[in-house]
Amino acid sequence: MVTYKDLAQYIFSDINETIEDLEKKYPPRNLSCDAEVTRFAPSPTGFLHLGSLFMSLVASKVAYDSNGVFYVRLEDTDTKREIEGSGEELIEQLSHFGIVPDEGYLGSEEKGDYGPYTQSKRAHIYRVCIKHLMEQGRAYPCFCSHEQIEEIRQVQEAMKVIPGYYGEYALCRNITPEEALKRIKAGEKYVIRFRSQGNFSNKVTFHDLIRGDIQIADNALDVVIMKSDGLPTYHFAHACDDHFMRTTTVLRGEEWIASAPIHLELFKALGFDLPKYAHAPVIMKLDNGNKRKLSKRKDPEASVSHFIMEGFPKEALKAYLMSIANSNFEEWTITNKCFDINKFKFSFEKMSLDGVLFDQDKLNYFSKEIIAQFSAEDFYNRLVEWSKLYDETLYTHIKGNKEYVTKILNIERGGEKARKDFTFYKEVYPIIGFFFNDRYDQIVKDGYPFNEVMSKEVIKNVLTDFASSNDYSLPNDLWFNSLKELAVRHNFADSNKTYKANKDIYLGHVGDVAEMVRVALVGAKNSPNLHSVIQILGKEEVDKRINKAIDYLA
RNA sequence: GGCCCGUUGGAGAAGUGGCUUAACUCAUAUGCCUUUCACGCAUACAUUCACGCGUUCGAAUCGCGUACGGGUCACCA
């Protein structure tokens, strides 16, 4: 008589190790009792998703806060959907955000004692575990075709019973090991299913770090644990990997709650202790009034590369994501004047239970604040690094031009009332472009946006006077006083108040005069502080631009 | 459809039965400041916590029901 043990021996004839051997090979980690081992377990099916960044950020944070270990495991068991090279890309983008795993899959190499960290290289481990299960009679081969399974589903639907492969509907469940052996020897294709002992009418409870106790119907499904290509399914790999990699807290999306009972039963059947679970909410987007999951295909902001290309500082995206994870983070940043998430204490209890809408305004806010805190030199270095890859125009203008550009970036930088006019790096060139002569020429090529109420004659006279009277050595206050005097010479009031009191006797006020100078110098009605602009452009360039404007007016 | 999770302003949320006339942040609006812009400052924005019923002296907070939103029911993860 053929037993399951014989069957297991036949299918897994290459396996001599036991689960006990694996337990010894991957012993519990030598960490303090409160240290958390977390992981990010992406499938290499595309570029890094905002939601994945969010998950890995939280996971690495939890490990960091507890002096634990954060590792990356590549879940590449779906060979059909795999995209060549995306695993490396994922790691690269993660590191762009300063998320560097302590161990695991690192793109070109692997690091750590609990590997391999790529599921396709762990076949041996899965086989040991499945063999064990089959010897116990808890796993069996299933020869059902997709068509047969579809048929079962239709019957179940018609009868209004719970769909799935279980109980009496599990056609291959009661095939004798003898027959199974015969069919396998005959070369029939098969998968291996788990023999569930559960019942849908029973409830199981498990604890979720974010949601508390969750009560849910027990699993009764004989889920596939090994696909016909010999690779494990997610459910099975999760149990084996998180056990032998000694994960303490499994952080994953809330879409996994429904299958948690499967995992519970699998861990139990394998004799593994259950890890802690945290099912985090997903990031959503408002679409035609409906909330929906951010989709990589439809939403550019779903892909992390979008934010990199736009030039959001990595700290901004991290701060934004942390504010989603723990809403008190935002208050913390204000009271501590600090956006470093490493210094903040994260807690699962404070995590939202609901899917949050992606909020571009909030990201912009963080980004602005963070950019405003950079030193001019730091900002310059970041811009060079970023523009080299994503903004050629900016790159050619700032590369090797550090002194000049730093001066530009330093206008009204620092202090309580720091200037906040950049939300991301892509905005930099459009804003500071006028400082560069070629860009300035381009801007004024088709004319200057002078106030049309003022006559050309007046503007010309003001500019001519300015060109001869402007004193570059004066500090801001005195310089502006001299501009007031210039205004008065041309029949403008020296302040808006004076002008308002006697509108009919003046042509305008000093602000209008400043505007003329500004338009002449930058080609736009607004700019950073005029005095600063003049200082940076320098006498020669200012004179050149003023004269150019005068010529235009003539 | 079954099951699970959720529902406080436009967004993120605080709130754990009376110290809440529902904090804080973003967004928006208006005003002040100001040579423009940005900054900063000030004010406004939920008579009410999806709705209904119930428990209670008292409910956003507890219970039940309804509605709505999301998730899940693969040899995908």
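**Overall organisation of chain A**

Of the contacts in chain A between residues at least 6 apart in sequence, 73% link residues at least 24 apart; two residues are in contact if their C-beta atoms, placed from the backbone, lie within 7 Å. Please bear in mind that this is a predicted model, in which local features need pLDDT of at least 70 and side-chain atom pairs count only at pLDDT 80 or more, while totals for chains, interfaces and linings use all residues. Residues are numbered from 1 along each chain as its sequence is written, and chains are lettered from A and ligands numbered from 1 in the order in which they are written.

Chain A has a radius of gyration of 33 Å, whereas a compact globule of 554 residues would have one near 24 Å. That radius is taken over C-alpha atoms, and the globule rule is 2.2 Å times the number of residues to the power 0.38. Along the principal axes, the C-alpha atoms of chain A fill a box of roughly 115 × 50 × 40 Å.

Chain A contains 23 helices and 16 strands; these are DSSP runs numbered from the N terminus, helices being H or I of at least four residues and strands E of at least two.

Let me turn to the domains. An automatic or database assignment divides chain A into domain 1 (4-16 + 123-280), domain 2 (287-372), domain 3 (374-435) and domain 4 (442-553). The C-alpha centres of domain 3 and domain 4 are 26 Å apart, and seven residues of domain 3 are in contact with eight residues of domain 4.

Next, a hairpin. Strands β12 (residues 283-287) and β13 (residues 290-293) run antiparallel and are joined by four bridges; two strands pair if DSSP finds at least two bridges between them. Leucine 286 has lysine 291 of β13 as its bridge partner. Two residues lie between the strands, and asparagine 288 in the turn has a positive phi of about 55 degrees.

Finally, is leucine 94 buried or exposed? Leucine 94, in helix α4 (residues 86-96), is buried because 24 other C-beta atoms lie within 10 Å; the cut-offs are 20 or more for buried, 12 or fewer for exposed, and partly exposed in between, with C-beta atoms placed from the backbone. Leaving aside residues up to four places away in sequence, leucine 94 touches Leu48, Ser56 and Ile99. Leucine 48 is 46 residues from leucine 94 in sequence, yet 7.9 Å away in space, C-alpha to C-alpha.
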